[in-house]
Amino acid sequence: MSYAYLFKYIIIGDTGVGKSCLLLQFTDKRFQPVHDLTIGVEFGARMITIDGKQIKLQIWDTAGQEAFRSITRSYYRGAAGALLVYDITRRETFNHLTTWLDDARQHSNSNMVIMLIGNKSDLESRREVKKEEGEAFAREHGLVFMETSAKTAANVEEAFINTAKEIYEKIQEGVFDINNEANGIKIGPQHSPTNPSLPGAGGAGGSQGSSCC
Amino acid sequence: MFRSRSWFGGGWGRPKNPHSLEHLKYLYNVLSRNQTVSEHNRGLLVETLRSIAEILIWGDQNDSSVFDFFLEKNMLSFFLRIMRQRSGGSSFVCVQLLQTLNILFENIRNETSLYYLLSNNHVNSIIVHKFDFSDEEVMAYYISFLKTLSLKLNAHTIHFFYNEHTNDFPLYTEAIKFFNHPESMVRIAVRTLTLNVYKVEDASMLAFIRDRTAAPYFSNIVWFIGKHIQELDACVRNDADHQSQNRLSDLVAEHLDHLHYLNDILCLNITDLNQVLTDHLLHKLLIPLYIYSLSTVRKPTGGVEAIAKALNQKLNLNESSSSSNGGISHEPSTGKVSCVVALFLLSQVCLIISHSPVVQTLAWIILKSDRSIYDKGVEKLLEAYELEMKQNGKKEEASGSENSFKDDVIEEHKNITDEEKQRLAITPTESESVSEKPFLETVYNALDCSENDYAALFALTLLYAMAYNKGIMPDINEQVLRPKKTYTSKTLSRDVRYTYNTYLVDKLLYIVLLSCQPSCRVRLVTLELALKLLVQLVMADGKSVLLESHKLTIESAKTQSTALLRNFYKSEEIFLDMFEHEYCDMSKTSLNVEWLCMDSAILLPPTGTPMTGIDFTKRLPCGEVERARRAIRVFFLVRNVVLTLNGELETQLPLTNPQSCVQIEQALDLSISRYNSDLIACTVLWKDGTKTRRFLVIDVLQLILVEPDTKRLGWGVAKLVGFLQDIEVTGDKDDSRCLHITIHRPLSGTTTNRVPLLSAKFVFDDNIRCMAAKQRLTKGRIKARQKKMQHIARLLEIPGQSGPPSPAFVGGGLYNRSTGRGLRDRPFALSRGPGFAAPRWESPPGVTHRTDESRRHRDSDPKILKKEDRTPNRSRDSSSSRTKSREGSPRMPRPRSEEIPLELIKKASNSVIDMAPKIAIVPRPQVKEESEEVEKKPEEEVSISSEETSFIASERRNSKKDGNVETV
């Protein structure tokens with residue numbers, strides 16, 4: 001299937017926050033939410049449409065690979081977007097966000113779009129982390145925030161698509177160097193770059209020395 | 001899309017409950033009726049496969065009969081049959097099939113179910129199936145499937161994948177075919193899989209990996225890394241103008257990924273694998289390419305290539321005997337990379353890899369190998385290393401005490417001269433000329449910063465990395481990178497003599513001295529690292545063993561860095577804010593060398609322009625403000641190291657001692673003189689409309705809003721505290737009883753958006769009180785800043801710091817700097833007012849030190865001090881300029897009243913050391929009604945009575961004289 005862009009995402013967060021369920025819910029929403037079935041997957045791809053353009057999302061779950069530093073490092077670097085997930089019914093998963101974020105910021109390219117997700121919003125009665133806290137954390141660290149439920153599918157679409165929209169906007173602004181696939185963005189087969197070399201971040205050279213007095 | 005259509009329209013007897021054995025039976029029927037994939041049924045097949053995944057997981061968690069049925073009907077064989085068909089659109093079906101398998105293996109909790117699924121070898125058939133890997137979607141799902149399987153590996157499940165009898169391990173062998181796939185996520189998945197495989201403790205499987213795959217796999221990796229760094233080198237060579245930073249940063253990150261991967265393998269501690277890998281790394285990459293790139297020009301060029309060739313042949317022989325996969329040619333790259341790149345890459349290696357056999361060898365070759373062996377090539381180098389290690393082992397066994405007698409017992413340090421000590425410090429290791437050690441010589445030569453510090457930074461990172469690498473045995477580092485401890489007396493363990501690498505310390509100190517020159521080309525990061533290494537080199541058992549001559553050098557570096565910073569004192573209006581900000585910034589984080597070496601920006605020649613996006617410490621300063629920032633940092637860095645070496649603690653910094661500050665909710669006795677003079681009642685009108693009744697207390701450094709304490713009469717509880725230096729006060733045009741007060745947050749550097757601590761309207765009882773408050777706040781702000789500036793002046797040993805700081809500076813500050821006089825914006829301006837207390841600009845490099853010394857000499861001469869009286873027109877001058885700068889506000893405090901009163905100055909000058917804590921508890925002086933004459937007097941007294949403050953006289957005379965000369 002042809003697409004204009006392919007965005008690679010990673011999903012990060014403590015174990016048991018529902019990362020793989022979110023992923024499966026998004027890529028294959030026909031998995032019916034059933035009360036006694038938890039089902040997830042580590043990889044998925046799906047096509048979405050933004051601004052009339054076909055965009056393919058590839059989502060890689062990094063669970064179970066934290067033991068190897070080389071692996072986490074490379075995952076972060078190869079992604080254009082990251083969903084940072086915590087469980088609203090478990091305070092500690094929220095408390096670990098800073099660690100996750102530090103890791104992400106250290107290894108990823110600076111343009112990576114990070115979305116903060118408070119999952120399991122269906123379990124209102126067991127909630128331990130207030131929505132406002134999530135919002136405040138997101139504001140403080142410059143993230144987009146959303147509460148979702150992989151079980152009821154609430155906001156799942158929005159979470160992935162809003163992240164994609166933000167990446168798309170960054171591409172339009174020329175922030176992402178789309179010719180560099182290491183950024184987690186790929187141009188579709190028929191969209192071979194007609195305008196070569198969009199200026200990448202920080203690539204401004206040329207005027208060296210002139211600004212010195 | 002096909003998914004939206006309904007596939008179960010027909011009367012196939014679909015059960016209502018999707019989670020039931022009946023439903024699976026129904027799906028089985030669908031599969032058996034649609035064994036051939038066609039355009040028409042592929043949607044149906046996809047939906048069926050998807051449903052099978054769901055129902056199997058449900059069954060695994062709820063009803064075991066579901067799984068029994070699945071196995072009984074051998075449904076996995078349907079999967080195989082489907083994927084083997086190459087009909088139109090089969091990739092659709094393949095993708096769903098792989099995803100179903102993914103879901104299956106990902107979610108199965110029941111171990112028996114897992115064993116059953118794996119038992120009939122279908123999974124291995126699926127693994128070896130040749131999917132259409134050109135389809136990136138198929139590729140992604142396929143590799144995810146393999147990765148998911150690898151996560152299920154353990155001592156039991158391994159036997160389903162690795163067949164001992166047929167010597168077959170498709171999961172692994174199929175996966176490593178993609179290790180260099182262009183898609184990064186695929187490569188990562190392959191690496192994950194290999195690591196998951198190695199992790200399984202199964203001797204025969206590991207033997208298979210070692211014997212059948214390790215040689216080709218590892219040599220391929222090593223070959224690609226070699227190819228990769230050639231690219232990196234080319235990128236560095238061709239990019240002096242920072243044009244391809246992105247590409248370079250990718251290449252660097254890629255190299256790091258490789259190293260981390262290799263390190264992850266080595267850390268699994270599988271002896272057999274590690275041997276093979278270490279061998280490959282050393283023979284084919286690290287020594288021929290990395291280390292030999294360090295060699296100097298003197299080296300015969302033919303040698304290496306011949307060796308490489310011989311080595312190549314030898315290795316090829318090895319491979320052909322052990323591997324079946326010889327697709328890639330394994331010639332080690334004969335070309336070399338530039339010295340800078342080699343140093344950088346070696347630093348990364350030593351920072352990341354801690355596997356002793358690798359780093360130990362590297363360190364030995366770099367630090368110890370001499371020219372004679374080096375010329376013979378890689379093999380000989382390694383042989384020599386092994387020989388040395390063996391000998392060392394023997395030596396230690398044979399004579400434990402021999403070392404103690406190597407040097408004669410020397411007398412007490414005090415009784416010998418510096419020269420003697422220096423000579424004694426030189427040990428056999430150093431007495432052999434450094435030039436006999438080709439690699440070490442290159443590293444040392446790279447430390448030369450006279451032109452720039454491009455290579456020096458990497459030489460430092462490499463030395464640092466070797467010094468701190470846990471895999472390098474202490475005996476290799478000793479003397480070169482660590483002080484050597486020798487017992488000078490056999491009986492008394494107290495008689496210890498320390499020696500250290502004086503040659504290297506000389507080099508480092510030279511970098512430090514250079515950094516203290518006004519227009520040097522040493523970046524802050526280089527200085528910081530040099531200092532860090534210096535401390536490492538000369539600290540033994542918690543104290544410094546620095547020789548007297550080196551001590552003098554570092555002290556003079558301190559003097560020079562102080563002199564350098566003195567040039568900027570007050571030359572920038574925001575000096576105080578900068579000073580505090582830089583301190584805060586620096587104390588927050590110390591240099592992380594590993595992170596430093598992740599930054600590709602340092603691989604390009606040092607530049608000054610901030611437009612490259614390079615961090616301030618990693619480039620040269622641009623413009624006067626940055627030069628001031630740099631001088632501040634140099635000062636802090638050198639000061640800190642001198643303190644460390646002297647075993648002292650910092651008592652002067654930060655400027656604000658947090659312990660002496662009032663905290664929120666703290667109860668204060670407002671009857672004591674410190675507070676009671678300034679209790680002004682007011683109502684605070686917050687932005688959100690709320691009102692609170694508070695008392696305003698103006699302390700020495702802080703503004704405090706208190707609420708009366710309900711428990712104790714005369715006490716108050718602090719409800720809000722802010723620093724006076726950060727306040728902004730404006731009157732209200734419409735209401736003379738009102739003030740608008742903003743308190744900015746102290747510069748902490750953590751948050752970029754500085755939301756004010758407080759921004760509110762204060763209403764006072766009448767306009768007199770309002771004016772009084774305004775006056776005190778304004779004055780408090782000026783004084784708080786003055787006090788800190790004086791503190792800085794003392795730190796910088798600026799003579800005469802008790803005089804008033806430049807009024808424009810104090811009044812201006814950060815928040816209204818635009819009102820500052822034009823002169824202030826040009827620090828080089830020579831026509832400074834005569835009242836300016838700072839010394840003259842001392843820019844010419846090399847001269848700095850001398851002028852400084854001479855001034856010190858002159859200043860300490862009491863005769864000159866007495867002769868030189870204050871210039872009579874000075875205060876008038878400065879006060880007139882002050883009024884000028886305040887024209888805008890009609891009711892400003894009278895200029896002279898900004899002088900610091902006598903008691904403060906006396907305290908300050910007598911007790912420089914513990915000034916910081918004292919500042920805060922000195923009673924706030926009453927100054928508002930003092931007249932100009934009264935105030936002049938105390939200052940005059942001070943300038944005579946105290947030696948320190950009397951520096952002002954001579955200095956002032958100087959500056960005035962200079963000023964005259966220049967203005968005339």
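Begin with chain A, whose elements, read along the sequence, follow the pattern β-α-β-β-α-β-α-α-β-α-β-α-β, a total of six helices and seven strands; helices (H or I, at least four residues) and strands (E, at least two) are DSSP runs numbered from the N terminus. This is a predicted model, in which local features need pLDDT of at least 70 and side-chain atom pairs count only at pLDDT 80 or more, while totals for chains, interfaces and linings use all residues. Residues are numbered from 1 along each chain as its sequence is written, chains are lettered from A and ligands numbered from 1 in the order in which they are written, and side-chain values use heavy atoms, with hydrogens and water left out.

Colour chain A by burial: of its 213 residues, 57% count as buried, where buried means under 20% relative accessible area, exposed over 50% and partly exposed in between (1.4 Å probe, protein chains only).

Next, select Tyr9(A) and Phe160(A). Their ring centres are 6.1 Å apart and their planes lie at 5°, so the two rings are stacked; rings of Phe, Tyr and Trp (its six-membered ring) pair if their centres lie within 6.5 Å, with planes under 30 degrees apart counted as stacked, over 60 as edge-to-face and the rest as tilted. Because Tyr9(A) belongs to strand β1 (residues 5–12) of chain A and Phe160(A) to helix α6 (residues 156–173) of chain A, the pair ties together parts that are 151 residues apart in sequence. Both Tyr9(A) and Phe160(A) are buried.

Staying in chain A, display Arg46(A), whose charged end sits over the ring of Phe26(A), 4.4 Å from its centre; the criterion is that NZ of Lys or CZ of Arg is within 6 Å of the ring centre and within 35 degrees of the ring normal.

Now move to chain B and select helix α2 (residues 42–62) and helix α3(B), whose axes come within 6 Å and cross at roughly 130°. Axes here are lines fitted to C-alpha atoms, for helices over the stretch in contact, and angles run from 0 to 180 degrees between N-to-C directions. The two helices α2(B) and α3(B) are therefore oblique to each other, given that angles under 35 degrees count as roughly parallel, over 145 as roughly antiparallel, 65 to 115 as roughly perpendicular and the rest as oblique.
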